[in-house]
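The following briefing gathers selected features of one chain, grouped by topic. It is meant to be read alongside the sequence and the coordinates.

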Amino acid sequence: MQEKYNFAEIEKKWQKIWVEKNAFRVTEDPDKEKYYVLEMFPYPSGKLHMGHVRNYSIGDVIARFKSMNGYNVLHPMGWDGFGLPAENAAIKHGVAPAEWTWNNIHDMQDQLKELGLSYDWKREVATCHPEYYRWMQWIFIQFFNKGLAYKKESQVNWCPSCQTVLANEQVVDGCCERCGTPVGKKDLSQWYFRITDYAERLLQNLDRLPGWPDKVKIMQRNWIGKSHGVEVTFAVQDRPETLTVFTTRVDTIYGTTFMVLAPEYPDVEVMVAGTEYEKPVREYIDRCAHMSEIERTSTTNEKTGVFIGRYAVNPFTEKPMPIYISDYVLMGYGTGAVMGVPAHDQRDFDFAKKLGLEIVPVIDPQDPEIDVNNLKEACAAEGIVINSGEFNGMNNKDAIRKIAEVAEERGIGRKTINYRLRDWLISRQRYWGTPIPMIYCEKCGWVPEKEENLPVLLPTDVEFTGKGESPIVTSKSFVDTVCPVCGRPARREVDTMDTFLDSSWYFLRYCDARNDKAVFDKEKADYWMNVDQYIGGVEHAIMHLMYARFFQMALHDLGLAKDEEPFNNLLTQGMVLKGYTDRDGNYISAKMSKSLGNVVSPAEIIEKYGADTARLFILFAAPPERELDWSDEGVEGSFRFLNRVWRLVAEFTDAYDASAMERTIGNEADRKLNYALNYTIKKVTDDVSDRFNFNTAISAIMELVNEMYRYKTGEINEGLYAEAVRALVVLLTPFVPHIAEEMWENLGGEGYACEQRWPSYDESALVKDTVEIMVQINGKNKGKINIPGDATRDDMLAIAGKHEFIRNLTEGKNAVKTIAVPGRLINIVVKG
């Protein structure tokens, strides 16, 4: 065995062997228990970053560990290939999006292979490949046929300079992030998915996901936003229109003194047409159109609004109330109409104070520090109903129920459930995405393309100008077609799908990635699904995970998937941070960013130290769910440790024949090593299988290596030492696979290290003849004593009464209580 650890040579060697031998290819095996581990696939930007390295290293440890424990492990990888950066590259550099994307995919695939990740590359998918998006289009058609896909007019962000639609994320301070022009709103006909049909199931099924972090489930619950309340109808004085409001606090309806509508509310322009209020209302609507939702809903912004010259009638007090439009009310939430209750809602309070509107308290919290008739701020507390006619004196919770009943009896309201969740807008006016497989015919309306004609391919005869609608409209070959129903001239949809669709079912395609006859074979999908362990960043807690759950439910309803939920367990790994010094000389730890100059390139670390060192450090530095602070010293330390292990194994192989040794336990040094070996196997097994505490598992292996170095300075029991060396290499395999394989080969081991059964431990070896425990007096540490390793609590109490060290500590004092914790401590409570 070479004396020097030549990581570059070793890693290239084993990466080549794994590829040639298809080492990680798997097929369905009904006789083996399956385990499906999946990391969220990357967007092919061209370069891996340390967040990728952490994510994929975590998944690889789990995959290798489960495989070594006898599971049939599916561990695939692919590419979320569609997206705006490729289109921007086409605009800036004149490179076709497909060329840019595929070049990046090939580069990143090489980088992933350099990390030694145990992927079944025969299952690789790329969402931008026609064979993938063919089935994405097929799914869209099934959703359309089921009534889950529909088209309607809606407002989008529009940059008048770039002449293009912008996502909310592309609007910065109300302006286009590309050119700085104020962004307006534009009505466009868009495709939607009826995710709201699944709101209740999406909510209820969260209780069936004990393997998900609570914080993620809370975020999803809040996003779905289920609330029980009452829809109340307000008449508009001297007008045919009515205003419907959803409220969870109908107990405050007597305190309603004005109404507020979203500027986009459909009837606003009708109600002001031809009046003196038309001009200021239209100007205000135009001003709001240039604001982002974040700006409009900010709690720190000053409240603004315009009176529309109309009055609504409070159905309970029968008093007319002025109607305003205001930027703080959004059309996308509730009904777009809000009843203003300034005494008990802070936004309404601020609005009323600014405009001098009446404030009527209707809930008395019975708090002597709050004067409800002279409020300094809104009082949202629970309490007794006041100023509310027949409901005065009731507890407000009882009043909610009673007022709702009265509203229903009078036909002016109804109890209902509302969800914050809105239908999913899936249209994108972009080129580099899956074409929506719909055709518009003047006679037949919107109809899907025939399934046998899929995929509807992206055209290549397009122009990327950065202006106007999707580049697809510039294609002379794409738009014009014939209706698949009647055969008349028709036109194709030129919008593409939101890229979130592509990532909402890729985990199912992995189960049967090369099927060209069906989206996937149900029998194969039923074998592998669900994903046993899903791994990715918490930034995907809402959008991606919600959409993937919706897709799984819809596919289940279509008979394509056996389960309603796609991911049994979810691990959200923390970010990788690195410190930097700001302009003022302050040291700050922050997410790696080019703009901050604190980026560490995986390629540089691999070149200098090797992939195994990069993996070891990133797994050892912090528990996976926590943020990881990058440390150059920590990387150096990980490299030194691997060199230390290499020397240990090299010295052993040079001196002994590992295969010819029988195991025995002789002296005290043998017992210590045997204990350390079995303890480490148990610790690593428990930490990796149950808790994913890779850092403590690696720490235990380091302690074992320390014990082995101590052991070899004395008389060596060759059989025991050989067993420890072999077990050490196997334990390291999931974490640092290249060096482990090389050492296993040098030890003369059969097959590959990754094919070995995970070592088991001997419970009897974990029972020490003696253990050292702490002695405390009144809870304060006084010293340590040795007692038999198997001493029970009663044994320890007997020892406490006889041991000379303890008698000296308690001499002249009255021992009133003795507390014994087996294997840990004795605490004697004394007086006097």
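A residue is called buried when its relative accessible area is under 20%, exposed when that area is over 50%, and partly exposed in between, with a 1.4 Å probe and protein chains only. By that definition Asp251 is buried, because its relative accessible area is 0%. The model is predicted, so that local features need pLDDT of at least 70 and side-chain atom pairs count only at pLDDT 80 or more, while totals for chains, interfaces and linings use all residues. Residues are numbered from 1 along each chain as its sequence is written, and side-chain values use heavy atoms, with hydrogens and water left out.

**Salt bridges**

- A salt bridge is taken as a side-chain nitrogen of Lys or Arg within 4 Å of a carboxyl oxygen of Asp or Glu, and the structure holds 40 of them.
- In general terms, side chains of opposite charge can pair when their charged atoms come close.
- The buried residue Asp251 forms a salt bridge with Arg249, with 3.0 Å between the closest N and O atoms, and Arg249 counts as partly exposed at 23% relative accessibility.
- Glu745 and Lys13 meet through their side chains in a salt bridge of 2.6 Å, N to O.
- That pair links distant parts of the chain, with Glu745 in helix H22 (residues 737-746) and Lys13 in helix H1 (residues 7-20), 732 residues apart; helices here are DSSP runs of H or I with at least four residues, strands are DSSP runs of E with at least two, and both are numbered from the N terminus.
- Glu745 counts as partly exposed at 39% relative accessibility, and Lys13 counts as partly exposed at 30%.
- Glu269 and Arg282 form a salt bridge in which the closest N and O atoms are 2.4 Å apart.
- Because Glu269 lies in helix H8 (residues 268-272) and Arg282 in helix H9 (residues 278-289), the pair ties together parts that are 13 residues apart in sequence.
- Glu269 is partly exposed at 34% relative accessibility, and Arg282 is partly exposed with a relative accessible area of 38%.

- Helix H15 covers residues 543-557, and its 15 residues should span 21 Å at 1.5 Å a residue, which agrees with the 21 Å between its end C-alpha atoms; the expected span is 1.5 Å times one less than the number of residues.
- Since 12 of the 15 residues of H15 are buried, the helix is largely enclosed by the rest of the structure.
- The buried residues of H15 include His544, Tyr547, Arg549, Phe550 and Gln552.
- Gln552, which lies in H15, counts as buried because its relative accessibility is 1%.
- Contact means heavy atoms within 4.5 Å, and among the residues that Gln552 touches, not counting residues up to four places away in sequence, are Phe507, Leu508, Met529, Asn530, Asp563 and Glu564.
- After H15 comes Gly559, whose phi is positive, near 85°.

**Strand pairing around S9**

- Two strands pair if DSSP finds at least two bridges between them.
- Strand S5 (residues 149-159) and strand S9 (residues 184-193) run antiparallel and are joined by 10 bridges, and Asn157 stands opposite Lys185 in S9.
- S9 is also joined by two bridges to strand S19 (residues 424-425), the two running antiparallel, and Phe193 stands opposite Trp424 in S19.

- Gly229 lies in strand S10 and counts as buried at 11% relative accessibility.
- The C-alpha atoms of Gly229 and Ile400 are separated by 8.8 Å, although the two residues are 171 residues apart along the chain.
- Not counting residues up to four places away in sequence, Gly229 touches Phe246, Thr247, Thr248, Arg414, Lys415 and Thr416.
- Glu241 is found in the loop between strand S10 (227-236) and strand S11 (242-247), and at 11% relative accessibility Glu241 counts as buried.
- The side chain of Glu241 makes a polar contact of 2.9 Å with the side chain of Arg239; a polar contact is a pair of N or O atoms within 3.5 Å, where within protein one must be able to donate a hydrogen and the other to accept it, and residues adjacent in sequence count only if both atoms are side-chain atoms.
- Glu241 also touches Ala235, Val236, Asp267, Val270 and Met271, not counting residues up to four places away in sequence.
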